Amino acid sequence: MKRRREETVTSNIRKLLKGVKTLAITDKQFGDTGKGKFVDFFAGWADIIARGTGGANAGHTVDIKGKKHIFHLLPSGTIRGNEGKINVLGTGMVLDPKVLCEEIAILEQEKICTDGIHVSHNAKLVLPHHILIDRLREHSGGNIGTTGRGIGPAYEDHYRRIGLVMNDLLNPGDFIEKVHKNIQAHRREVESYGRKLVKIVRGNMETLCALKGRDPMDSDGVRNLILTDYAPQLTSFIYDTDGLMKKWLGKKNILLEAAQGDLLSIDHGTYPFVTSSDCTVEGLAKGVGIPVDAINMTLGVVKAFYMTRVGGGPFPTELGGETGEKWARKNSKESEATSNGHVGVDYLIGDIEELLQGIAIRMAGDEYGATTKRCRRIGWLDLALLKHTTSLTSSSKRNGSNVILTKLDVLNDCEVIKICIGYRYQGPTHVVARKIFTATPELLACTVMDEKILSYCEPVYKEFPGWLSDISKMRSRKELPKKLLNIIHFVSKVAKVNVKIISVGPERDQTIFL
Ligand code: IMP
C-alpha cells in the first residue's frame, strides 16, 4: 500500500514537472508556511538544491535517523548528500561561519556525505559584532523583532561596501585587514549604547557565538576565532557557485529554495517590518546567480486558511488584534501548554473569543519559531495580501500564480472559517503616492503597501462553514469534503491563484495533488 502511494506521488511529481528543469519554491506570506516539507518533497527530483537569500534567521527541522536537528543555513536537500545531490549556498546569502561548521559537523556525525555542499565564494560573512549590533538595536527600542542573528548589519555592510565574504577565509591577509576596518566602522555605534548594555548583550550571546570570553569588537580576537576555529573546516566547500549554476542551467534539474516570505521582502514586503533581503523569486534567482527567466516553474507556498507572522509589523487579520500580538510576545510554547499564560485552561479552535481561538490554532499548528522559539502571531488568510504577493510573480512564463496550500488539517475542528477579502481603512488622513486615504466604510480590495495604511486596515471577511472532519488521512481530491473544496475554489478565484497541491499533515504522503 505504502509503495503504491509512493509510486503515485512520484508519477504526480513527474506530471507536474514535465518539461521543467528549474523549479523555485517560494513563500507567499510572512515565512514559516511549510516550504521545508516541499523542498524535501521535490528534492528527490532535483540534482541541485540551492538557496540564494537570508542566513541563520531561517530554520527548518530535519529528521535524521529519528533524531531531530534544526538547520538554519544548509538547504533542505543536504540530508540527501548520500544520494549525490549538490547543495548550493548562493552569493546572496549571509553566512555565520560557526553555524555553518556546526551544521556540516552534524551531517558528518550522521555519516551523510557533505561533498556536495558548495558555498559561494561571494556569500557574505556574518561576524560576532553583527550579532551584537543587531541585538543592541533591538534592546534599545528597535521594534522589528529580528531573530538576533546579525542579518541586518551583515547586509548593511555589504551595501556599504565594507563587508567580508567567504573568499576572505581563503586569504588570511585580506581577512585580517578587512575585519579590522569593518569593526572600526562600527565602533562608534556600539559605544553609543553604553558599556552596561553592551556587557549584558555580550553576555547573552556568549554561548551562541562561542566567544570564549573574546570581545566581538576586538579584531584580533575575532580574527583568531574565525581563522583558527572555523576557516580550516570551511575552505574546501568554497566554489564559484554563480559560474557553476550558469553551467548547470538547462542541463541539471535545479530546485531553488527561498527563505522567509514575500511579505518580509526588503523591497516588496511590509517595510520597515521586513528582513534585509529580497525573499521573492526575483531575489532568489539573483542570489544564486541566474536570470529569473531561467526559472520554468514557481510554486508559492501559502499557509491556509490561517496565516502567521513573527516579530513586529502590521497584520490586519491578527486574531485578538493588539492583544493577540502582546500575548504572542510575552508567552512561549511552555507557558501556553501549561496555561501559565492565565487566560483559560482549554483553548478551543472553535472559540468565539478571538484571542483564545488564536492560541488554540497556534497550539494545534505548533506555530512556534524554529530559530527563536517565539510564539508566531496568528490571523486569518488575507486574500488582499495574497493578491499582492501573487502579482509579484504571476507572469505566465514562470507560472507565478501556482500555489501549494499547507496546514489545512490544523482547522479540522473549526466551525467557521473566515477569509479576508479586503479592508476598511479606519486611520487618519494619509497620502500614498497620489492617493489620499481617509477613514471610509468603502471596501479596499487590494493591499496598499504602506505601513500606516496596513496598521489601520480593518479586515472584511467572508465566512464559510468548516468541514468538521479529519482530512489528515485523506489522500485524494475525491475524498476531500465539499465544504473544503468550496473554500479552495473561492480562494483560487479571488486571489487568481492556481492551487496545485494541498498539504494535510507534515508527512510526505499527506500531500494531495489537485
Ligand atoms: P531578521 O531577518 O532577523 O533581521 O528579522 C527581521 C524580521 O523578519 C523579523 O520580524 C523576524 O521575525 C522576521 N523573520 C526573519 N526570518 C524569519 C523566518 O525564517 N520566518 C519568519 N519570520 C522571519
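Which residue follows α5 with a positive phi? Arginine 161 does, with a phi near 65°. The structure is a predicted model, in which local features need pLDDT of at least 70, side-chain atom pairs count only at pLDDT 80 or more, and totals for chains, interfaces and linings use all residues. Residues are numbered from 1 along each chain as its sequence is written, and side-chain values use heavy atoms, with hydrogens and water left out.

Helix α5 spans residues 151-159; helices (H or I, at least four residues) and strands (E, at least two) are DSSP runs, numbered from the N terminus. Its buried residues are Ile151, Gly152, Pro153, Ala154, Tyr155 and Asp157, where buried means under 20% relative accessible area (1.4 Å probe, protein chains only). The cover over these residues includes β6 (94-95), β8 (124-125), α4 (128-139) and α6 (172-192).

Next comes the ligand. The shell around the ligand holds 15 residues, of which Asp32, Asn57, Thr147, Thr275 and Arg374 come nearest; a residue is near if one of its heavy atoms lies within 4 Å. A polar side-chain atom of arginine 374 is 3.0 Å from an oxygen atom of the ligand, and one of glutamine 260 is 3.2 Å from a ligand nitrogen atom. The protein buries 96% of the 470 Å² that the ligand exposes when taken alone, with accessible areas from the Shrake-Rupley method and a 1.4 Å probe.

Glutamine 510 sits in the loop between β19 (498-503) and β20 (511-513). Glutamine 510 counts as buried because its relative accessibility is 11%. Beyond its neighbours within four places in sequence, glutamine 510 is in contact (heavy atoms within 4.5 Å) with Lys37, Ser472, Arg475, Ile502, Ser503, Val504 and Gly505.

Definitions and conventions. Polar contact = N/O pair within 3.5 Å; in protein donor to acceptor, adjacent residues only side chain to side chain. Buried < 20%, exposed > 50% of the residue type's maximum accessible area, 1.4 Å probe, protein only.
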